Amino acid sequence: MNQNIKTGIMYGIAGGLLTFIFGGWSVTVIGVVLGVGLGLILGGGIKRQKPLAMALEILPAALIAGIVLVLLSLLQNYKIYPSIGKPPYDINTVIGGNLAGFLGVVLFTCLMTAFRGLSPQRERVAKLVVLGILVVAFPFFDQFSQLRWLASIIFSLIYVILGLGLNIVVGYAGLLDLGYAAFFAIGAYTTGILSSPQHNIFLNFWLVIWIAAAMGATFGFILGAPTLPLRGDYLAIVTLGFGEIVPVLFRNLIDVTINEPFTCWILPLFRIQTKCITFMSHEDLTAGEKGINPIGRPILPLIGHGEALSASLIFKLLLLLLAIGLTVYFFMRARAQGNRSTGRIIGFVGTLVAILLVFVPIPHPEKGAFTSLVNIFQPGEFRSDNPVPWYFLIIAIILLSVFLINRLRESRLGRAWMAIREDELAASQMGINPVRTKLLAFAMGATFSGFAGAFYAAYISGIFPGVFDFSASIIILSCVILGGLGNVNGVIVGGLVLTTADRLFLPALKDFLAGLLKHTILPALSYNHTLQNVVEQNANPILYRFLLFGLTLVIMMSVRPEGLLPSQQIREELHGDENEPAPAGATAPAIESGTPK
């Protein structure tokens, strides 16, 4: 059997088994994701030729994968669901979902394969366009299909940002950090303290998110300074200790008094009596285990309808002009340097549109389809019952993070990080300052954790110290390792795979197993009530989430230690010997009686 057909069957079976867990319109999303993944895998294994020829070559495998997916989806709806006590979906959902899923597999498999026939630059642009369309379309499809996956995906994207930040420290600089959740907590609590009525401080979210990032960077310097002489296991232990200290600190900042040291402590030592200056007296900063709640949320557009002339409005207008001016400046500089590509023009126009959406209110009637569209991008104050604006906000933060991290990686500092990772002694001999380089790695990595913490605090509208324990650091590190050290795309994929498995797959699997137990297994065990109770109480996969994470990492380290999408350098380091041809005329050593000749 053709290897492509075998791969199509395997992917179809894997997608079909997922429909057993989710059901309904999930087959459409699974089909699209399946098509993208299958196209990328199969497209890389066939010879480059014209796009249409490549698509036709891969079409049979795509059709087989789509047919297998649909057959298993129908089996789930009409056989599996009734057997576990769930009613089948209506015929409109079955026909629409399965047809869209089948077309998604075939279309996107052929598309992603056909893109391999383009030039490298056009291939990259085409894939980015398809990815952008899917990212924009997902929240609207989620609302239409009533899947209600969007909230879980938003949490997954928070961990993607955290993984991107940790990748700077671990993937680029090679510094093992086991306390990264501490910076996540610092960003979140900074946001809570500066924008909560609990402290009567109401700073705007768009200002607070940058303050949170700056606080993360500051504490990155504070952590990095004492760890400069340390390497390997010793560095990991110090960062682990820092990660344990920070949640305990926030849990106990409930009675804080800050005095000015000169007037309160130093002068009294010399028996000079003066009034003690107190900056803060018995303040409850973090509310302990109760946490900070509520927390201010973003508001768009920044300029309100009919806002009166004031210092605040003038400041917003100046920011608007500054944003437009910088965008035009960078665009014109790129054109002067000869970069006149279509992608650059599209990026320029898109940036201007985004700036206007952020600042300028769009006039619209009170009702209608256009009003609903405007409310997605200019929702006023973000609300919990409408996750779509939150989704686009975190996508924007991820795009900004990816842009900044890619620029850092290609800069002199990024190359210094990688040199330190490979050999610190050799790097220092070449003129790289290891002290400055390590400190900047910790600071820049913590900056993106501050972004994630600010978004998390505003999204939840409450922060609690138990969220930032050691397990959070391990999950973030697992995202980086699973995706691939040193590769931004790998970290994004690893974060999505691991956290969607935690937030989407395990809860759905729990419900599926509960129905299966109730209607099939537990009645069969009615003769033994003790065994029945043991099975019922322990058949909850959420209880074993960390066991499953651990098994995943063990399997990955055994089968693919470089991760799902590693950087080219990491791949060469781990598999370089396998790809090197044997020297000309070299022969394997003869073995006779256990002694090499």
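How are helix 7 and helix 17 oriented to each other? Here are some notes on that and a few other features.

1. **Ground rules.** This is a predicted model, in which local features need pLDDT of at least 70 and side-chain atom pairs count only at pLDDT 80 or more, while totals for chains, interfaces and linings use all residues. Residues are numbered from 1 along each chain as its sequence is written, and side-chain values use heavy atoms, with hydrogens and water left out.

2. **Helix 7 and helix 17.** To take up the opening question, these two helices are oblique to each other. Angles under 35 degrees count as roughly parallel, over 145 as roughly antiparallel, 65 to 115 as roughly perpendicular and the rest as oblique. The axes of helix 7 (residues 181–194) and helix 17 cross at roughly 45 degrees and come within 7 Å. Axes here are lines fitted to C-alpha atoms, for helices over the stretch in contact, with angles running from 0 to 180 degrees between N-to-C directions. Helices (H or I, at least four residues) and strands (E, at least two) are DSSP runs, numbered from the N terminus.

3. **Who meets whom there.** On the helix 7 side, Phe-183, Phe-184, Gly-187, Ala-188 and Thr-191 take part, and their partners in helix 17 include Ala-446, Ser-449, Gly-450 and Tyr-456. Contact means heavy atoms within 4.5 Å. Sorted by class, the contact of helix 7 with helix 17 has eight nonpolar, five polar and no charged residues. In this sorting Ala, Val, Leu, Ile, Met, Phe, Trp, Tyr, Cys and Pro count as nonpolar, Asp, Glu, Lys and Arg as charged, and the others, Gly among them, as polar. The crossing of helix 7 past helix 17 is right-handed (a crossing is left-handed if the near helix is turned anticlockwise from the far one by less than a right angle, and right-handed if clockwise).

4. **Helix 3 and helix 4.** The axes of helix 3 (residues 51–83) and helix 4 (residues 91–114) also come within 7 Å, crossing at roughly 155 degrees. That angle makes helix 3 roughly antiparallel to helix 4. The residues of their contact divide into 20 nonpolar, seven polar and no charged. Helix 3 passes helix 4 in a right-handed crossing.

5. **Salt bridges around Glu-424.** Ten salt bridges turn up in a search of the whole structure, where a salt bridge is a side-chain nitrogen of Lys or Arg within 4 Å of a carboxyl oxygen of Asp or Glu. One of them joins the side chains of Arg-231 and Glu-424 (3.2 Å, N to O). Arg-231 lies in the loop between helix 8 (205–224) and helix 9 (232–252) and Glu-424 in helix 16 (residues 424–429), so this pair ties together parts that are 193 residues apart in sequence. Arg-231 is exposed at 51% relative accessibility, whereas Glu-424 is buried at 16% (buried means under 20% relative accessible area, exposed over 50%, partly exposed in between, with a 1.4 Å probe and protein chains only).

6. Lys-438 belongs to helix 17 (residues 434–460) and Glu-424 to helix 16, so the pair ties together parts 14 residues apart in sequence. Both Glu-424 and Lys-438 are buried.

7. **A pair of sequence neighbours.** Arg-409 and Glu-410 form a salt bridge through their side chains (3.5 Å, N to O). Arg-409 counts as partly exposed at 25% relative accessibility, and Glu-410 as exposed at 51%.

8. **Helix 13.** Which residues of helix 13 (residues 369–377) are buried? They are Thr-371, Val-374 and Ile-376. Helix 5 (120–145) and helix 14 (387–410) are among what covers them.

9. **Backbone points worth a look.** The peptide bond from Asn-293 to Pro-294 is cis, with omega near 0 degrees, and Pro-294 sits in the loop between strand 2 (278–283) and strand 3 (299–300). The bond from Leu-300 to Pro-301 is cis too, again with omega near 0 degrees; Pro-301 lies in the loop between strand 3 and helix 11 (311–336). Gln-146, which is not a glycine, has a positive phi of about 60 degrees. Gln-146 is in the loop between helix 5 and helix 6 (150–172) and is partly exposed at 46% relative accessibility. Asn-200 has a positive phi near 55 degrees, lies in the loop between helix 7 and helix 8, and is exposed, with a relative accessible area of 62%.
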